[in-house]
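Reader: I would like to learn how to read the local features of a model, one at a time. Could we take them in turn, with the general idea before the particular case?

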Amino acid sequence: GNNHGDQPMMSLSVPALLLLFLPMVSVVSVATNDNTFVPCSSLDPSLPWADCVFAAEPTYGPLPTTGVRFTTSDARLQALFAHAETCASHNTLELAPGFEVLVEGGGYHAVWLETQPMGGATYGVRNLRLALNNQLVFMRTQREDGRLAGMVNTNRSLPPDTGVVHPTFSYPGNANRSMLQGFYMATPAVDVAWLMSWSGEGGGVRGVAAAGGGNDSVADGGGGDGV
């Protein structure tokens, strides 16, 4: 498995490319038994980790269609490719109703900032929705002070339909040891923005944006506007 880093690093902001449009994502608090969970966009900057309500909307779209075709006369290689595609397609996790992300492998109940923006962007040629969600999951769990979660878990004690997730900003068990930061998101986010703007005719632009506190938006432009 991947050895997820835990050393402190300088906090880097989401790429300036993704700060073009700043409307709010509105989420209400959710009460479950004796607990009330606030929206992830309202997390107290002093918290090293917390449970919060994830904003599954807006989803944006329609997104460009992507796909990969591979054919070979080698039957065994073709079968291996098909098997690999099937296995990869099952590496998904529903964080909130209607909001799936790509995880590193079967059995994971979390996404890590150091790997999964890149993992999503790489998979974007097969599933652009997952690629976008793997960026949005960190944008929408960003603390009010701008810090990105190093890891976002599901809350396995609650049903998935509650939309409650567990972003972690410090190394689990050590509140004073900060997790990795935004460098790992910068290039993959730009790659996904490019895929979202792609069309076979070379026209049409769709841009993804994010702001501190978990705000994000998409804007369409016809002549070079947006990203």
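Reader: Let me begin with the cysteines: are Cys40 and Cys52 buried or exposed?

Author: Keep in mind throughout that this is a predicted model. A residue is called buried when its relative accessible area is under 20%, and both Cys40 and Cys52 are buried.

Reader: Which residues does a disulfide join here, and how is its handedness read?

Author: The structure holds 1 disulfide, and it joins Cys40 to Cys52 with an S to S distance of 2.0 Å. The pair links distant parts of the chain, since Cys40 sits in the loop between β2 (35–37) and β3 (52–53) while Cys52 belongs to strand β3, 12 residues apart. As for handedness, the torsion about the S-S bond of Cys40 and Cys52 is about 85°, and therefore the disulfide is right-handed.

Reader: Why is Cys87 described as partly exposed?

Author: The term partly exposed covers the range between the buried limit of under 20% and the exposed limit of over 50%. Cys87 has a relative accessible area of 36%, so it is partly exposed.

Reader: What should I look for in the backbone, and where are the cis peptide bonds?

Author: Most peptide bonds are trans, and most residues other than glycine have a negative phi, so departures from either pattern deserve a second look. In this model the peptide bond from Glu57 to Pro58 is cis, with omega near -5°, and another cis peptide bond joins Gly61 and Pro62, where omega is about 0°. Pro58 is found in the loop between β3 and α1 (75–89), and Pro62 likewise lies in the loop between β3 and α1.

Reader: What is the phi of Tyr60, and is Tyr60 buried or exposed?

Author: Tyr60 is not a glycine, yet its phi is positive, at about 70°. Its place is also in the loop between β3 and α1. Tyr60 counts as buried because its relative accessibility is 12%.

Reader: Finally, which residues is Asn133 in contact with, once its neighbours within four places in sequence are left aside?

Author: A contact here requires heavy atoms within 4.5 Å. With those neighbours within four places in sequence set aside, Asn133 is in contact with Phe99, Glu100 and Val101. Asn133 itself is found in helix α3, which spans residues 128–139, and its relative accessible area is 3%, so Asn133 is buried.

Technical notes: Residues numbered from 1 in each chain as written. Predicted model: local features only at pLDDT ≥ 70, side-chain atom pairs only at ≥ 80, totals over all residues. Heavy atoms only, no water. Helix = DSSP H or I, 4+ residues; strand = E, 2+ residues; numbered from the N terminus. Buried < 20%, exposed > 50% of the residue type's maximum accessible area, 1.4 Å probe, protein only. Disulfide = S-S within 2.5 Å.
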